[in-house]
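The entries follow the order in which I looked things up.

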Amino acid sequence: MESYHVKLDTRVRLDKLDPEDSGEHKKGKQLDAMLEKIRLEMDRLQELLYAERKHKVLIVLQAMDTAGKDGTISHVFEGMNPQGVKVASFKAPTTEELDHDFLWRVHKQVPGKGEIVIFNRSHYEDVLVVRVHNLITRDVWLRRYKEINNFEHMLANEGTTILKFFLHITPDEQKQRLQDRLDDPAKHWKFSAADLDERKLWPDYMKAYEDAITATNTAWAPWYIVPANKKWYRNLVVASTIMAALQTFDMHYPESTLDASKIVIE
Ligand code: ATP
Ligand code: MG
């Protein structure tokens, strides 16, 4: 799984990474059992994290439409305690948000002690969609890379563990998934005609992603590029990466000063 971690100081080339990749793994009973084990371990770790109230975890999910941000969130965080896990979704900014700096709405949503926060889209939209649509000039997005790195560095210095995932699919896979949404009336609600316009800009988006990931892949806020054509493998990669990060924390339940033997419940 380490191989999906983008190496520091290397230029990302998305066309060299295969969204169909599923490593040594195959779908089936063995995989289901493995996923279940990971899920149980993650639930255990998250309860500990919540109880200890020491660590803060920020997960950033970025991807093209239909690449599976929502699916990843529902599968990977399924069994966790909703009290300690929050999802923050970033849509096109409101007028009030636009009246402020681009990090204003983002900073309000970062995790506190004991929390895991998942960003469904994020401050990266402010160097992606706005760049692709020419809403900002080159010097602004270049400047924002530095501002993002500084912001994330500050969060890390204040005790936040940051993991950033790009869910990587092919345009063909997107076509198939959009078609599935059209073919199934129960999925019509997920279909957005705007996705077709963004789809036409695919090469521009890939360029913007490559530049953004390259410029903001830091020791304190690493990027992972996840092969995401196969949903089960995408879930496996994201879940194991987060689990491995949580396992590096030396977590303990808060020390109890309670002498339970002296307490009688009438
Ligand atoms: P889904 O389609 O799965 O519900 P989504 O994240 O695509 O999820 P939408 O409401 O379809 O949600 O789209 C949100 C849109 O908001 C995206 O096209 C995204 O690029 C845009 N957006 C997010 N942040 C910004 C931003 N800072 N500036 C401009 N547009 C943004
Ligand atoms: Mg959408």
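**Conventions.** I worked on a predicted model, in which local features need pLDDT of at least 70, side-chain atom pairs count only at pLDDT 80 or more, and totals for chains, interfaces and linings use all residues. Residues are numbered from 1 along each chain as its sequence is written, chains are lettered from A and ligands numbered from 1 in the order in which they are written, and side-chain values use heavy atoms, with hydrogens and water left out.

**Ligand shell.** I looked up the residues near ligand 1, taking a residue as near if one of its heavy atoms lies within 4 Å. The shell consists of Asp-65, Asp-70, Phe-90, Lys-91, Ala-92, Pro-93, Arg-105, Arg-121, Glu-125, Asp-126, Val-129 and Val-130. By class, I found seven charged, five nonpolar and no polar residues in this shell. Here Ala, Val, Leu, Ile, Met, Phe, Trp, Tyr, Cys and Pro count as nonpolar, Asp, Glu, Lys and Arg as charged, and the others, Gly among them, as polar.

**Polar contacts.** I then looked for pairs of N or O atoms within 3.5 Å. The side chain of Arg-121 places an N or O atom 2.5 Å from an oxygen atom of ligand 1. For Ala-92, a polar backbone atom lies 3.0 Å from a ligand oxygen, and for Asp-65 the corresponding side-chain distance is 3.2 Å. Of the 630 Å² of accessible area that ligand 1 has on its own, the protein covers 73% (Shrake-Rupley method, 1.4 Å probe).

**Largest pocket.** The largest pocket holds about 1,300 Å³ of space. Its lining comprises 44 residues, and Asp-65, Lys-69, Lys-91, Arg-121 and Asp-195 are the closest to its centre. I noted 20 charged, 16 nonpolar and eight polar residues in this lining. The largest share, four residues, comes from α2.

**Second largest pocket.** This pocket holds about 320 Å³. Among its 17 lining residues, Ser-3, His-5, Val-6, Leu-17 and Ile-225 are the closest to the centre. Strand β5 (residues 223-227) gives the most to this lining, with three residues.

Methods. Polar contact = N/O pair within 3.5 Å; in protein donor to acceptor, adjacent residues only side chain to side chain. 1 Å grid on protein atoms, 1.4 Å probe; cavity = no way out; pocket = protein on both sides within 12 Å on 5 of 7 lines; lining within 4 Å. Points joined across faces, edges and corners; volume = space filled by probe spheres on them. Helix = DSSP H or I, 4+ residues; strand = E, 2+ residues; numbered from the N terminus.
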